[in-house]
Amino acid sequence: MTDCIFCKIVKKEIPAREVYRDSEFVAFHDISPKAPVHIMVIPLKHLESLSGAENSDKEMLGKLLLTVKKIADDLGLSKTGYKLAANNGAGAGQLVFHLHFHILGGWKAKPHWEV
Ligand code: AMP
Ligand code: ZN
């Protein structure tokens, strides 16, 4: 999709602080982090949201979750805990209509809701 900002990151037409890339997914730091570490994980294939997923996306969606786990492990987030979020639809706050998971973590001392 030509006007999709995440497709542009996939094609390296705009810069991103990438932390992971393979033949199906790319992960990069969110430009406006809502946690000490805030990573976006996206499929290279453009899909607007989870609502647009079909049975044929089953394998990709499974791999996407395992890729989230690998990235969280590699960045040390699994030790201290992390949240995984996907805003689905404008009513839920989705701003970029290219399927993505937010990994939010990196809190050191206390869980952020106790600070
Ligand atoms: P959502 O509200 O779930 O659609 O989240 C979109 C996220 O993409 C927001 O957290 C934005 O800060 C993030 N974002 C938008 N543009 C960029 C960009 N160029 N690089 C990295 N993150 C971005
Ligand atoms: Zn896209």
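**Zinc site, cores and a buried glutamine**

In sequence, the residues that donate to the zinc ion (ligand 2) follow the spacing C-x2-C-x38-H-x51-H. Before I go on: this is a predicted model, where local features need pLDDT of at least 70 and side-chain atom pairs count only at pLDDT 80 or more, while totals for chains, interfaces and linings use all residues. Residues are numbered from 1 along each chain as its sequence is written, chains are lettered from A and ligands numbered from 1 in the order in which they are written, and side-chain values use heavy atoms, with hydrogens and water left out.

Back to the zinc. Cys-4 (SG), Cys-7 (SG), His-46 (ND1) and His-98 (ND1) coordinate the zinc ion (ligand 2) at 2.1 to 2.3 Å. Donors here are N, O and S atoms within 2.8 Å of the metal (3.2 Å for Na, K and Ca); water is not among the atoms, so sites may look incomplete. The site is tetrahedral, with angles of 105 to 116° among its 4 donor atoms; for four donors, that term requires all angles between 85 and 135 degrees. Cys-4 sits in the segment before helix 1 (5-10) and His-98 in the loop between strand 4 and strand 5, so the pair ties together parts that are 94 residues apart in sequence. Helices (H or I, at least four residues) and strands (E, at least two) are DSSP runs, numbered from the N terminus. Cys-4 and His-98 are both buried, meaning under 20% relative accessible area with a 1.4 Å probe, protein chains only; exposed is over 50%, partly exposed in between.

Next, the cores. A nonpolar core is a set of buried Ala, Val, Leu, Ile, Met, Phe, Trp, Tyr and Cys residues joined through side-chain atoms within 4.5 Å. The largest has 15 residues, and Ala-27, Met-60 and Ile-103 are among those with the most contacts inside it. Strand 2 (25-29), strand 3 (37-43), helix 2 (58-74) and strand 5 (101-105) each give two or more residues to this core. Helix 2 gives the most, with 5 residues. A second, separate core of 9 residues includes Phe-6, Ile-9, Val-26 and Met-40.

Ala-27 belongs to strand 2 and counts as buried because its relative accessibility is 0%.

Last, Gln-94, in the loop between strand 4 (82-85) and strand 5. Why does Gln-94 count as buried? Because its relative accessibility is 4%. The side chain of Gln-94 reaches the backbone oxygen of Val-96 at 3.0 Å, and a polar atom of that side chain lies 2.7 Å from the backbone nitrogen of Gly-89.

Definitions and conventions:
Polar contact = N/O pair within 3.5 Å; in protein donor to acceptor, adjacent residues only side chain to side chain. Tetrahedral: all angles 85-135°; square planar, octahedral: opposite > 155°, others 65-115°.
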